[in-house]
Amino acid sequence: MKCGVVVFPGSNCDHDVYHVLKHVLEQEVTFLWHQDDSLQGCELIVLPGGFAYGDYLRAGALAALSPVMGAVKRHAEAGGLVLGICNGFQVLLEAGLLPGAMRRNENLRFQCLDVHLRTERADLPFTRRLKPGQVLRLPIAHAEGNYEDSPARLDALEANGQVVFRYCEPDGRITSESNPNGAARNIAGICNVAGNVLGLMPHPERCSEAVLGNTDGLALFASAVEVGSRHLQAAGAGR
Amino acid sequence: MKARVTVYPRREILDPQGKAIRDALTRVGFPGVDDVRAGKSFEISLGTEDLQAADRQLREMCEKLLANTVVEDYSLEILGGAGAQP
């Protein structure tokens with residue numbers, strides 16, 4: 001599967017994602033510069049973590065308007081796979097590819113720690129290798145992961161099954177103590193209605209190799225690689 | 001024409017920064033402060049002297065870029081000359 005990792009000025013997890021796709025999963029990978037408006041035939045597009053455009057104005061706000069994002073939008077509308085990690089998730093929100101917005105963490109601190117996530121959807125192109133309710137341990141590193149939307153829109157998100165991961169206790173219980181940033185309803189990751197666009201705050205690329213002591217993140221990339229965008233319609237029809 | 005755009009967190013949403021600043025104000029001797037909203041301010045020079053056109057452009061700028069209306073509100077002010085716009 002041909003994979004593309006978008007590079008904005010200020011991206012800093014791009015090489016980590018590239019490494020996992022290229023060397024752990026042995027896929028064809030290319031970097032896509034933010035000024036390009038072509039995805040060079042890539043089937044999986046990853047928006048990596050970092051501080052695109054220095055997080056000027058709002059995290060992700062300026063990156064969302066860069067030329068490459070027009071191509072990413074068309075790719076997403078056509079059913080192509082798009083994964084936004086941390087700052088990449090913020091870019092997807094600002095670009096309107098996913099609903100809602102991020103605010104400063106409730107305690108105003110940059111949170112850098114391992115968290116537990118409960119898998120709410122195990123039928124997506126990115127989660128098919130997981131089991132429903134499976135608890136993952138992934139690292140977070142962000143100051144603006146406090147997910148917010150209006151109560152009505154949050155209800156719609158839940159009703160549509162768009163909540164993919166929630167912050168939880170190690171045993172899977174959803175508690176306010178396990179919520180590291182104040183995110184509404186413990187939301188850590190969401191998808192679009194079709195399920196081909198996923199955004200999450202934790203960093204799966206930082207825990208995808210045994211040598212790092214944790215491989216919980218690998219399932220996301222492995223699932224996406226397994227599916228491939230050309231199989232997406234079949235996966236969607238199976239829901 | 002110059003204008004000032006102010007963007008601030010929506011009233012119904014908890015503003016963690018504003019709350020921290022309010023708490024700090026209490027500590028430096030202003031216990032009577034009930035609420036603080038921490039926002040951003042933009043001074044924008046426009047190439048028009050038409051108030052209506054300016055107002056329209058500024059609102060569009062806010063909706064498209066300057067504010068994230070999921071969590072933020074904005075207000076507009078024309079600076080100098082023709083007076084303030086809502």
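Tutor: Helices here are DSSP runs of H or I with at least four residues, strands are runs of E with at least two, and both are numbered from the N terminus. The model is predicted. In chain A, A:Glu26 lies in the loop between helix H1 (14-24) and strand S2 (28-33).

Student: Why is A:Glu26 called exposed?

Tutor: A:Glu26 has 9 other C-beta atoms within 10 Å. Exposed requires 12 or fewer. Therefore A:Glu26 counts as exposed. Its phi is positive, about 55 degrees, although A:Glu26 is not a glycine.

Student: What makes A:Asp55 partly exposed?

Tutor: A:Asp55 has 18 other C-beta atoms within 10 Å. Buried needs 20 or more, exposed 12 or fewer, and partly exposed is in between. So A:Asp55 is partly exposed. This residue sits in the loop between S3 and helix H2 (67-77) of chain A.

Student: Why is helix H3 of chain A called mostly covered?

Tutor: H3(A) spans residues 87-94, and eight of its eight residues are buried. Among them are A:Phe89, A:Val91 and A:Leu92. The cover includes strands S3 (44-47), S4 (81-85), S5 (101-103) and S11 (197-200) of chain A. After H3(A) comes A:Gly96, with a positive phi near 80 degrees.

Student: How many residues does each chain bring to the contact?

Tutor: Chain A gives 10 residues and chain B gives eight. The chain A side has six charged, three nonpolar and one polar residue.

Notes
Residues numbered from 1 in each chain as written. Chains lettered and ligands numbered in written order. Predicted model: local features only at pLDDT ≥ 70, side-chain atom pairs only at ≥ 80, totals over all residues. Contact = placed C-beta atoms within 7 Å. Nonpolar A, V, L, I, M, F, W, Y, C, P; charged D, E, K, R; others polar.
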